[in-house]
Amino acid sequence: MSMQAGTESVSELDLPPVAAPGSAGRGPRLTGGRLVARAAPLAVPWLMLAALIAAYSSLQEGVLSREQLNLWTAATLTLLLVAAGQTIVILLGGIDLSVGGIVSLSTALAATQLGTGGSRLIGWAALIALLGFAAGAVNGFLVARLRLQPFIVTLATWSIWSGVALWVLPTEGGTVPESYLSWVNREALGIGAPVAVLLALVAFWIWFKRTPLGTGIRAIGSSENSAYLSGVPTSLTVTAAYALSGLFAALAGLFLVTQTASGSPTVGNDFILNSVAAVVIGGTSLFGGRGGLGGTIAGAFVLTVIGDLIFALDISSFWTPITTGVLLILAVLANSLTELYARRRARR
Amino acid sequence: MADLEARAVTKRFGGVLALDGVDFEADAGEVHALIGENGAGKSTFIKILTGAVRPDEGEVVLFGEPLAARSPRDAASHGVAAVFQELSLVPDLTVAENVWFRRERLTPLGTISRRRVRRDTRALFGRLDFPPLDPDIEVRSLSVAERQLVEVAKAVAGDPRVLILDEATSALSPKEVSWLLDLARRLAAGGMIVVYISHRLAEVREVASRITVFRNGHSVGVTEGAAASEDEIVSMMLGRRLERLYPDKEATATEAVALRVRDLRFGHRLRGIDLDLREGEILGVGGLQGQGQLELFLSLFGVLRARGTIELDGRPVKISSPRAALAAGIGLALVPEDRQNQGLLLPKSVRENVTLAVTKRFSRRGLLDLERERALVGDAIRQLSIVLSSPEQPVGSLSGGNQQKVVISKLLLTRAKVLLLYDLTRGVDVGTKGEIFQLMRNLAREGYAILFFSTDLQELIHVADRVAVISDGSVTGLLEGEAITEDRILRASVAGGTAA
């Protein structure tokens, strides 16, 4: 009884090794089509941003100046910091709605505690950042260890932190000391502090995405089981990702108070869905595994520039959310089209 | 004492005793095969070695030290690497990143250097005589066979002391299989313990110096690789003599053409396929892998939109989606290649999987008649003798062969008369294979028309009434009766390539 194709009999036939048609399907190479598909998620948001800036500069003088860069960066940085954390969590295949509550709480604490003066300022700023980190770690623990749905977990903790923020600072107000505000107005070589923070963020990302933690996060978003089988400490990685998101949200709050010079117990709510929008416009897949901060930066700036463009066009400001929505759909569409294109290429 | 030794290992899952006091011994320098039917306990045993599962009793000793791996990472740090049947590759990372994943040497900044990973991968591929594959390509765009090869490279990259190959050849072409067998021998010769698990006895006998046979959670014997005949090994696996693997070829085919395909084209993967599949016939589809067979099956099932004419039972049909394929004329149904992802919802119960596509059959005025559903599922389980503890058991917890049976029963309930079986027996053990072949013939007798693709030549030869060989997107040979031989199939397989 013979059961299987003997491998010997195949080699006896002496199949031509190169001419075998099998070799055409075997050993795929990085072709042009694949390169396009790989570059597209990053190219789409940046082209979108370039188009918006081009449109804006046709209406406005001096758009391509350092001054405008400083202005736009200051206007975008809060959202960008929140979105940086959101990027990490979405890469993991999760979502973080609690950033709204954490930003609010962070501004509330900043507006009530930083003003007490002296060396305690730095101590409190560090404590607020740490609180954000810890709040995020709680999300991560609930998601990773107790296997709860991230959407529900972070919705719940958003509610909790929003409540705590109201307790700390019941209404908008508080004061932020001059000494703290002044660092934002510093400039070097015509570059403001927000741009410096942005550059630091970019440097962080270039480093972070190549660390074991960074690749572990992407791997979990791509396939949690494969990541586990490959030896990624999954619970720890998930917890770390949410903790980082919490940290970034707290930092966003600490920056936001320099812009408003006061705190607000509800101000964070604007950043929940906008951070998700910035991430998605930036080409990061909501299913996890694909994307990064490179696109999110463009996505966040797109959201800022739209508002200015609508203002410059002198049309009603309700066009801002409408345009945002349309761009969001276009961005997602562009990504899925390139995805489809890549898959077609791979199949043929 | 042996270099790798398991002593009286026992593992229970709920009420099921998966391993019952199993002993196992393998030495450095040998390829040691582990075989057994589905459910014999091989997978559980491997999971214990690799730390995915912890034994209830007993211990594993590696080079004199107890090996109590608590996780795959822990096992890897003890030098145990496995090529898993359910592949462990991360789809969104490149080949090179996957090969070194979690083993990268870090730069002083604590980062992973892509350049170094790429260079190391090239060097590794060179050392292993690896089939040509671009290290920069993302794993998600590779075929199952290519992923399997990358998985092997990944396991070897860690330079393990124990290498476990678990059905690592199931998707490979004959050429790739012989490469892998050769690699296994070379690694063993270099002092590695290679544990080789496969349902393909020919491979096992070719590569293994010793064979351990598991049956029903026991280790029932060890034989020298070449010394035992296939018959003897199969008898050990089954605990009885397997009467025969392949059922008789009966003339069940009628004259009526159930499926007629004319000039089917899809890009340059299908270059005008003509086929006639008759009622009661098992038509084999052969050829080297990746010649358009998958595209043919996907086109017939409406997943790909190919150009050309398709007639069912003499009437032309338009098939634009799987739904349309199931509903068209006498109906077309497909068992897909990657059943874990495409055919089954693994976390869902057997019951839900079986009846998902046919809820209409047991609903009355929009409500599900659960009594009828239970009866249908019960019939299906009995008809195919699916081994399970309860219909509510998640499909993912069944053995590969039983999962395959669930797919088939799902197919039968759709009442489609033309069945497209794509590599149905991949990863299925001998006993189950025999049952599946018998089932196919029974279905043919009942008038089903079956299109059957297999990478295993012997299956085509012994099961199919006719064999259509596909090369480079067209049919390069149609063999019938005595003409279906290994030699002629292979000749037709390479015919297209030399012409191109």
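**Start at a core residue**

This is a predicted model, so keep the confidence colouring handy. Select A:Val302 first: leaving out residues up to four places away in sequence, A:Val302 touches A:Pro45, A:Met48, A:Leu49, A:Leu52, A:Ile281 and A:Leu327.

Now widen the selection. A:Val302 is among the residues with the most contacts inside the largest nonpolar core, which has 175 residues. Others on that list include A:Val82, A:Ala252, B:Leu163 and B:Tyr196. H12(A) gives this core its largest share, 16 residues.

**Next, a helix in chain A**

Pick residues 120-144 of chain A, helix H6. With 25 residues at 1.5 Å a residue, H6 should span 36 Å, and its end C-alpha atoms are 35 Å apart, so the two agree. Buried residues here include A:Ile128, A:Leu131, A:Phe133, A:Asn139 and A:Val143. What lies over the buried residues of H6(A)? Show helix H5 (99-113), helix H7 (150-168) and helix H12 (234-260) of chain A, which are included in the cover.

**Over to chain B**

Colour 4-238 as domain 1 and 257-499 as domain 2; their C-alpha centres lie 30 Å apart.

Finally, switch to pLDDT. Chain B has a mean of 85, with 94% of its residues at 70 or more. For the complex, the predictor gives an ipTM of 0.77 and a pTM of 0.73.

Key
Residues are numbered from 1 along each chain as its sequence is written. Chains are lettered from A and ligands numbered from 1 in the order in which they are written. This is a predicted model: local features need pLDDT of at least 70, side-chain atom pairs count only at pLDDT 80 or more; totals for chains, interfaces and linings use all residues. Domain bounds come from an automatic or database domain assignment. Helices (H or I, at least four residues) and strands (E, at least two) are DSSP runs, numbered from the N terminus. The expected span of a helix is 1.5 Å times one less than its number of residues. A residue is buried if 20 or more other C-beta atoms lie within 10 Å of its own, exposed if 12 or fewer, and partly exposed in between; C-beta atoms are placed from the backbone. Two residues are in contact if their C-beta atoms, placed from the backbone, lie within 7 Å. A nonpolar core is a set of buried Ala, Val, Leu, Ile, Met, Phe, Trp, Tyr and Cys residues joined through C-beta atoms within 7 Å. pLDDT is the predictor's confidence in each residue, from 0 to 100.
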